[in-house]
Amino acid sequence: MPKCSRFKGFLLFCTALLLLSVSAFAKKEVYLGGFPFGIKMTTDGVYVSGIGEVESEVGKVSPAKTAGIREGDTVISLNGKKMSSAAEVADVISGSEGKIIECVIKRNGKEIKTNLVPVKNTDGDYKTGLFIKDSASGIGTVTFVDEDGRCFGGLGHGVTDRNTTGILPLGSGSVHTAEILDVIKGEKDNPGELRGIVDHKKAGELLGNTEMGVFGKFARKFNDLKKLEVASSGEIKRGKCSIYSCLKGTTPCELEGEIVEIVDKNAKTKNFIVRLTDKETLAKTGGIVQGMSGSPIVQNGKLVGAVTHVLMRDQTSGYGIFIENMLSGM
């Protein structure tokens with residue numbers, strides 16, 4: 001049965017310090033998270049989410065593909081002008097009159113120059129077949145706040161594009177307080193979801209979007225939360241654990257769980273499998289649901305990691321990331 005403990009003050013989201021060596025984690029202490037937070041971010045450049053075809057007078061063509069642009073690339077500039085939004089890219093393309101557009105994209109950290117030639121579709125508009133995005137937002141769970149009370153880490157995985165599954169390059173971002181209103185129960189092959197609202201007022205800066213989680217800094221200190229020692233990966237064992245997550249409001253609850261298997265000690269993420277065993281919670285959620293990503297996992301009084309992804313074949317279980325990996329990922 002869940003055991004809830006109320007934290008004082010505004011309940012936001014959690015974190016980590018940058019550039020710490022693994023050896024420094026052994027006796028490091030952090031503040032325990034488990035509460036919801038909101039993220040709003042814009043991409044560094046304009047992200048290419050997909051490449052499609054244009055129905056033109058001569059049939060289906062793909063100017064973007066012909067130009068060598070791929071899914072996961074980032075459009076940096078068009079005709080020498082830096083692109084910061086999808087609307088800017090669309091304006092350049094629609095106003096091109098089919099003339100060559102000098103395009104600079106970024107791929108794997110390298111800039112590539114190419115020529116993009118829009119074509120007129122059957123409606124008379126100039127198109128390239130590019131599907132693009134420039135921002136992302138959502139709700140997740142804070143994992144921890146560092147000893148300084150401000151630096152934080154959450155999610156346990158990066159904010160990704162739904163189509164490419166690639167990590168979205170962070171241009172700028174903000175973190176916000178959030179409140180969980182309802183739980184959509186998961187079903188077979190259809191994971192559930194925490195639904196909530198995000199305060200529009202900014203509560204801090206989002207500074208990193210990485211494979212191991214999202215990181216940033218709060219505008220105010222959070223030093224009234226429960227403090228725990230960080231466990232090294234070698235201390236984590238199969239057996240009972242606690243998962244801290246919020247299913248209503250802003251208050252984290254301690255949920256019964258079990259670390260089932262250590263999958264890969266050397267991977268950056270998806271290091272172990274954790275199972276939610278709390279009967280009352282399972283009756284409500286059906287298992288681990290979207291929005292619980294980042295929920296801290298505690299074993300033997302130490303913070304060992306965070307929930308990252310639900311397993312589609314068994315929604316009571318999900319992957320976990322070692323907390324030391326989260327800390328080193330910033």
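Biologist: What makes T43 part of strand β3 (residues 36–51)?

Modeller: T43 is found in strand β3, which spans residues 36–51, and strands (E, at least two residues), like helices (H or I, at least four), are DSSP runs numbered from the N terminus. This is a predicted model, in which local features need pLDDT of at least 70 and side-chain atom pairs count only at pLDDT 80 or more, while totals for chains, interfaces and linings use all residues. Residues are numbered from 1 along each chain as its sequence is written, and side-chain values use heavy atoms, leaving out hydrogens and water.

Biologist: Why is T43 called buried?

Modeller: The relative accessible area of T43 is 5%. Buried means under 20%, exposed over 50%, and partly exposed in between (1.4 Å probe, protein chains only), so T43 counts as buried.

Biologist: How do you know that T43 touches L168 and G171?

Modeller: Contact means heavy atoms within 4.5 Å. The residues that T43 touches are K133, D134, S135, L168, P169, L170 and G171, not counting residues up to four places away in sequence.

Biologist: Which strand holds I105, and why is I105 called buried?

Modeller: I105 is found in strand β8. Its relative accessible area is 1%, so by the under 20% limit I105 is buried. Among the residues that I105 touches are I69, V75, I76 and I112. The C-alpha atoms of I105 and G45 are separated by 8.8 Å, although these residues are 60 apart along the chain.

Biologist: What is noted about phi in L155 and N300?

Modeller: Most residues other than glycine have a negative phi. L155, not a glycine, has a positive phi of about 70 degrees, and phi of N300 is near 55 degrees. L155 lies in the loop between β13 (151–154) and β14 (170–184), while N300 is in the loop between β22 (296–299) and β23 (302–311). L155 is buried, at 7% relative accessibility, whereas N300, at 72%, is exposed.

Biologist: How many helices and strands are in the protein chain, and why is the chain called as compact as a globular protein of that length?

Modeller: The protein chain has four helices and 24 strands. Its radius of gyration is 22 Å, close to the 20 Å that the globule rule gives for 330 residues, so the chain is as compact as a globular protein of that length. The radius is taken over C-alpha atoms, and the globule rule is 2.2 Å times the number of residues to the power 0.38. Of the 330 residues, 52% count as buried.
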